[in-house]
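Please find below a short note on the model under review.

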Amino acid sequence: MSASDKKAPPRRAVAVNKKARHEFEVLDTFEAGLVLRGTEVKSLRAGKISLEESWGKIENDEVFLVGAHIEEYTCGNRQNHDPVRRRKLLLRGKQIKKLKAQVTQKGLTLVPLDVFFNERGFAKVTLGLCRGKKLHDKREASKAREAKRAMRDAY
């Protein structure tokens with residue numbers, strides 16, 4: 001059996017930030033590695049993460065995930081992790097420079113869209129370079145979604 005015959009397992013999202021696509025217009029996406037400590041990996045595999053109030057922050061040419069809540073591992077000991085600590089994201093230098101330029105000049109925001117484990121078992125975050133939607137944009141999106149649903153149900 002050669003390497004091309006093996007099929008990679010499907011990407012399974014651990015957590016999805018549903019609110020992000022409603023609140024923001026996603027202009028570009030980046031896949032970043034997530035630096036985790038000890039028991040965070042076990043909690044993440046159990047799906048105990050919330051991305052609702054999280055965002056990406058660039059400091060000193062490094063990108064951090066701020067506000068993501070990974071619950072403490074239930075079977076952990078006194079060395080359990082802090083649930084809301086800042087977590088470093090791993091991106092290439094060119095990607096960080098591009099993100100930094102667009103975030104500072106255009107006033108865009110880095111929003112985590114989902115967290116998943118890749119085929120090698122590493123935790124990854126899909127970061128979206130986003131612009132906030134106005135109220136009328138949200139209304140138009142919901143009208144279009146309703147119209148699409150009505151057309152699908154009609155047939």
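The numbered points below take these topics in turn.

1. The model is predicted: local features require pLDDT of at least 70, side-chain atom pairs count only at pLDDT 80 or more, and totals for chains, interfaces and linings use all residues. Numbering starts from 1 along each chain as its sequence is written, and side-chain values use heavy atoms, without hydrogens and water.

2. The largest nonpolar core has 25 residues, and Leu34, Leu44, Ile49, Val63, Leu89 and Leu91 touch the most other members. Such a core is a set of buried Ala, Val, Leu, Ile, Met, Phe, Trp, Tyr and Cys residues joined through side-chain atoms within 4.5 Å; buried means under 20% relative accessible area and exposed over 50%, with partly exposed in between (1.4 Å probe, protein chains only).

3. In helix 3, Ile96, Leu99 and Gln102 are buried. Viewed down the axis of helix 3, its buried residues fall within an arc of 135 degrees, so they line one face; the arc is that of the directions from the helix axis to the C-beta atoms. The face turned away from the buried side carries the exposed residues Lys94, Lys97, Thr104 and Gln105.

4. Arg45 lies over the face of Phe117, at 4.1 Å from the ring centre, and the charged end of Arg86 sits over the ring of Phe64, 4.1 Å from its centre. The criterion is NZ of Lys or CZ of Arg within 6 Å of the ring centre and within 35 degrees of the ring normal.

Note on methods: Helix = DSSP H or I, 4+ residues; strand = E, 2+ residues; numbered from the N terminus.
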